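This report walks through a few local features of one protein. Look at the sequence and structure first.

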Amino acid sequence: MSQIIIPWLEAKDHIKEADVLLFRAPGFPSIGWGITAYTGGIHSHVALAHRDGRHLYCVEQREFKGGRSVLLEKQVIRHKNQIDVYRADSTIFVPTVEYDRAKPHAVIEWSEKHLTEEMAREIVGIALSMTGDDYGWRNI
């Protein structure tokens, strides 16, 4: 897998609402290192990008901190070259599963959905509504 590092000043104008921010784990010893040792991945934390006017924010749930929204630029400075940005495909297929006991198998129908800017705002809105809440699976 290849990695392209884009300087913050070039990248920030391309980041959109609800882009996924994946944080690479710091080294040993850290909670992030433990997460990646268990999962076998390279990322230990996930957040969403939120654009509020000209400012970009990182909306997240953090251990020991809870739900919060912080300037993404400060996270970029703190986690230099450790934040990977991903964007969901604009077209997704959502399954609807129907099960009929008389038939030996379920019937799955797929419907095509398009990720709109309004949907992206709704997704981030849900994450923003959890800011100020305690961290934990119960709240997420």
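The model is predicted. Begin with Phe 64. Its relative accessible area is 77%. Exposed means over 50%, so Phe 64 counts as exposed.

Phe 64 sits in the loop between β3 (55-62) and β4 (66-71). Phe 64 is not a glycine, yet its phi is positive, at about 70 degrees.

Is Ala 18 buried or exposed? The relative accessible area of Ala 18 is 15%. The cut-off for buried is under 20%, so Ala 18 is buried.

Phe 28 and Pro 29 are joined by a cis peptide bond. The omega angle there is about -5 degrees. Pro 29 belongs to the loop between β1 (20-24) and α2 (31-39).

## The aromatic pair

Phe 28 returns here with a ring partner. How many aromatic pairs does the count give? The count comes to 1 aromatic pair. Phe 28 and Trp 33 form it. Their ring centres are 4.8 Å apart, and their planes lie at 75 degrees. That geometry is edge-to-face.

The two partners fall into separate exposure classes. Phe 28 has 62% relative accessibility; over 50% is exposed, so Phe 28 is exposed. Trp 33 has a relative accessible area of 38%. That value lies between the 20% and 50% cut-offs, so Trp 33 is partly exposed.

## The nonpolar surface patch

Which residues make the nonpolar surface patch? They are Phe 93, Val 97, Ile 108 and Trp 110. The patch covers about 460 Å². Two strands, β6 (91-98) and β7 (107-114), each give two or more residues to the patch.

Ile 108 is one of the patch residues. Its place is in strand β7. The relative accessible area of Ile 108 is 47%.

Note on methods:
Residues numbered from 1 in each chain as written. Predicted model: local features only at pLDDT ≥ 70, side-chain atom pairs only at ≥ 80, totals over all residues. Heavy atoms only, no water. Patch = residues over 30% accessible without salt bridge, like charges linked within 9 Å, V, L, I, M, F, W, Y side chains within 5 Å. Areas by Shrake-Rupley, 256 points an atom, 1.4 Å probe, with all protein chains shown as cover. Salt bridge = Lys/Arg side-chain N within 4 Å of Asp/Glu carboxyl O. Helix = DSSP H or I, 4+ residues; strand = E, 2+ residues; numbered from the N terminus. Buried < 20%, exposed > 50% of the residue type's maximum accessible area, 1.4 Å probe, protein only. Phe/Tyr/Trp six-rings, centres within 6.5 Å; stacked < 30°, edge-to-face > 60°.
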